[in-house]
Amino acid sequence: MKHIFIINPNAGHGTIGKELEEKLTGTDFDWKLYTTSEPGDAGRFIREWCDSHPETVRFYACGGDGTLHEVANAVYGYPQASISCYPVGSGNDFVKYYGDKSRFLDPVALCSAPEAPIDLIRVNDRYAINACHFGLDSCVAGVMNRIRHKKFIGGKRAYVFSVIYSFFKGMRHYATIYADGELISDGAFLLCTATNGTHVGGSYRCAPRSSNRDGLLEVCLVRPVSRLKFLTFMKKYKEGTHLDDPAMQRFIVYRRCKSLQVSAPDGFSISLDGEVQTLSNFTAEAVSSAIRFAVPEKNSLQNE
């Protein structure tokens, strides 16, 4: 198998390539490093490689969730290709499904890792590996994209500052939403997540019951709440206890479904793995066993 590490030069303090080379040199793996030059370059490189190389290959997204999003989209449809990741971004939401991100930070273990099919979320011609979310969450993601590289409010602080901004500017959103044909909202709501993974925003466990291999979306819609109630909700949302808390149930609509149909006003924003786009009418659909994802085995030093 060919192992190709797709490196985002803006992640990991610019040292990813050197770290990988030091750890992989001398191993028996057939490996290659590719550093991207601009947004979209990873997808172009992967598609060109797969079009001209029919042999088995695994691509590793070396960066954050945006890099993983691009790699997953490019690999979809190529049966000879699988993916994994070397998580050195600011959030690394998707790998939290599997526990501690340190599980993915040994490139030798990555190259040896077994792979299994996982689902993707299709929205029009794009695919999310972790989450499609909108309302407060897309407001937060949009702000994050603008401030993530700022000196004092960027990086790991970006999500907190984005939530604070959205606390004042993004508390009510409007859409008609159906889950497998069942109307679950026809008016104002706070946020809605349709997930494959378990976390968004770096540390918020939005979908604690999610499975990325069941062919279903994990949907959680939260109705409008007061700002005081919002503060309580966000604490439980971060802990992943919001679905089991009786005090939260009157604010939450929870479903597992194959597809989510959304009709919203012009200018409506959604987030796919943190990548924000504007769509007023769309369907988010679970694509079962869409790609293969490699996960290293746990060792005694890694968290459960």
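A salt bridge is a side-chain nitrogen of Lys or Arg within 4 Å of a carboxyl oxygen of Asp or Glu. The model is predicted: local features need pLDDT of at least 70 and side-chain atom pairs pLDDT 80 or more, while totals for chains, interfaces and linings use all residues. Residues are numbered from 1 along each chain as its sequence is written, and side-chain values use heavy atoms, leaving out hydrogens and water.

**Exercise 1.** Determine which parts of the chain the salt bridge of Arg255 and Glu182 links.

*Solution.* Step 1: the side chains of Arg255 and Glu182 meet at 2.8 Å, N to O. Step 2: Arg255 lies in strand β12 (residues 252-257) and Glu182 in strand β9 (residues 182-189), so the pair links distant parts of the chain, 73 residues apart. Strands (E, at least two residues) and helices (H or I, at least four) are DSSP runs, numbered from the N terminus. Step 3: Arg255 has 29% relative accessibility and counts as partly exposed; Glu182, at 35%, is also partly exposed. Here buried means under 20% relative accessible area, exposed over 50%, and partly exposed in between (1.4 Å probe, protein chains only).

**Exercise 2.** Locate the salt bridge of Arg292 and Glu115.

*Solution.* Step 1: the two side chains meet at 2.7 Å, N to O. Step 2: because Arg292 belongs to strand β16 (residues 281-294) and Glu115 to strand β5 (residues 115-123), the pair ties together parts 177 residues apart in sequence. Step 3: Arg292 is partly exposed, at 26%, and Glu115 is partly exposed, at 28%.

**Exercise 3.** Check the length of helix α2 (residues 41-52) and describe its salt bridges.

*Solution.* Step 1: the expected span is 1.5 Å times one less than the number of residues. Step 2: Arg44 and Asp41 form a salt bridge (2.6 Å, N to O). Being three residues apart in α2, Arg44 and Asp41 are separated by about one helical turn. Step 3: Asp41 is buried, at 4%, whereas Arg44 is partly exposed, at 34%. Step 4: Asp41, Arg44 and Glu48 are linked in a network of salt bridges.

**Exercise 4.** Which elements do the buried residues of α2 pack against?

*Solution.* Step 1: the buried residues include Phe45, Ile46 and Trp49. Step 2: with contact meaning heavy atoms within 4.5 Å, the buried residues of α2 pack against β1 (2-7), β2 (30-35), β3 (57-63), α3 and β4 (81-87). Step 3: in α3 (residues 65-75), ten of the eleven residues are buried.
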